[in-house]
Amino acid sequence: MINLYSDTQSLPSAPMRLAMSRAEVGDEQKGADPTVSRLIATVAGLLGKETGIFLPSGTMCNVISVVTHCGRGESVIMETQSHLMRSEAGGLSAITGAVPEVIEGEDGHFTAEQLTRHFQPGSRYTPRTVLVAVEQSCNMAGGTVWPTAKLAQVAACAKSLGMNTHMDGARLFNAVVASGESAKVHCQGYDSVWVDFSKGLGAPFGAVLCGTEEFMSRAWAWKHRLGGAMRQAGMMAAGCLYALENNIERLEIDHANARLLNDGLKRLPFIKVKHDHPESNIVFFNLVGTDLIPETFLKRLLDRGLKIGFVGTGYRAVTYADITAVHINDALQIIASVLDELDEKDLIIPSQTTTGAAPRSCR
Ligand SMILES: *Cc1c(COP(=O)(O)O)cnc(C)c1O
């Protein structure tokens, strides 16, 4: 099975497991796990922040950041397709009580001018906007990378409006490798920022949220309230440290494989790729000229040994360390063979093909 469903499908490698098994551990809840402390210091150093906290997941980093920055009834601005908005089981409203305000971005980015337009200073009847959240890279936009100048403009604009700034850096290191600019440069001007270790970095678990000492001490209370204070978490932190030391530079291979996949897809009939050149490790495409529903297409691929996803607005395939160029060529062959076997009832006449959007099931 070639699994391109997500980079979350990456498996811890043998040397990573070995490093985890040998980790020095202690009581993380008391700040006494040396491996966790080392991980936090390393990540904070890379991001240029004072300190951090170790959390089980990126979702927990996002919800803790929002609840620490925002009071109930205050608003947070984010891009409409952001993970925080769409993929966290509504934790934003269920836990934080903050009001979401969404911006329709382009490739997942938005401008300082758009931020200004959506900002509300608060009044007797409007929610006060206190936070802006950005995602680097932008998952649902196709792994697109905010230009660092645009990130800096949005942060500066937010500060001039008196707002706090948050970066969901689930795939920040993919953005770092794609742009050639350091993590520090990416998250300069962002009060809170976190990175995920369970995506392309290949660890089984863990994320580190960073910010000032003062912010992190308030965030720690929320970590504890949500049950995220741990005990001998050093075993998990050791996997993350291993990833930092060994798995960042190799992300370039994943990006090359995403380009290989995208180039192959462009040559196939019935396929319209979202981007001519994927910027990182995520490829989106749609089917055109056929009314095959996603469920059917995905099942036909799966029957031949390829797993991809249908999320948001299209089919998504994601590359990571366990995926090689050979897998990508095999995946392309599987997709080609499924398309080759489309029969007349799967096809729609060209004049009806007006959009690049995949037909959706009404069932
Ligand atoms: C995966 C992801 C998250 C959530 O991270 P988990 O560790 O899976 O909870 C948040 N934001 C983005 C952009 C993601 O891709």
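Colleague: How is the protein chain divided into domains here?
Modeller: The model is predicted, and the chain splits into domain 1 (12–246) and domain 2 (251–352).

Colleague: What distance separates the centres of domain 1 and domain 2?
Modeller: Taken over C-alpha atoms, the two centres are 30 Å apart. Domain 1 puts 16 residues into the contact, and domain 2 puts in 12 residues.

Colleague: And what area is buried between domain 1 and domain 2?
Modeller: About 1,300 Å². Carbon and sulfur atoms give 55% of that buried area.

Colleague: On to the ligand. Which residues come nearest?
Modeller: There are 14 residues around the ligand, and Thr59, Asp168, Arg171, Asp196 and Lys199 come nearest.

Colleague: How does that shell divide into nonpolar, polar and charged?
Modeller: The shell has 2 nonpolar residues, 6 polar ones and 6 charged ones.

Colleague: Which helix and which strand each supply at least two residues of the shell?
Modeller: Helix 3 (58–69) does, and so does strand 7 (192–196).

Colleague: Take glycine 58 and threonine 59, then. Which atoms lie by an oxygen atom of the ligand?
Modeller: For glycine 58 it is a backbone N or O atom, 2.8 Å from a ligand oxygen. For threonine 59 it is a polar side-chain atom, at 2.7 Å from an oxygen of the ligand.

Colleague: What about aspartate 196?
Modeller: An N or O atom in the side chain of aspartate 196 is 2.7 Å from an oxygen atom of the ligand.

Colleague: How much of the ligand's accessible area does the protein cover?
Modeller: The ligand on its own has 380 Å² of accessible area, and the protein covers 88% of it.

Colleague: Backbone now. Is the peptide bond from glutamine 136 to serine 137 cis or trans?
Modeller: That bond is cis, with omega near -10°. Serine 137 is placed in the loop between strand 5 (129–135) and helix 7 (148–160).

Colleague: Is phi of aspartate 107 positive or negative?
Modeller: Positive, near 55°, and the residue is not a glycine.

Colleague: Where is aspartate 107 found?
Modeller: Aspartate 107 sits in the loop between strand 4 (99–103) and helix 6 (112–118).

Definitions and conventions:
Residues numbered from 1 in each chain as written. Predicted model: local features only at pLDDT ≥ 70, side-chain atom pairs only at ≥ 80, totals over all residues. Heavy atoms only, no water. Near = heavy atom within 4 Å. Polar contact = N/O pair within 3.5 Å; in protein donor to acceptor, adjacent residues only side chain to side chain. Areas by Shrake-Rupley, 256 points an atom, 1.4 Å probe, with all protein chains shown as cover. Helix = DSSP H or I, 4+ residues; strand = E, 2+ residues; numbered from the N terminus. Nonpolar A, V, L, I, M, F, W, Y, C, P; charged D, E, K, R; others polar. Domains from an automatic or database assignment. Contact = heavy atoms within 4.5 Å. Buried area = accessible area lost by both parts, 1.4 Å probe.
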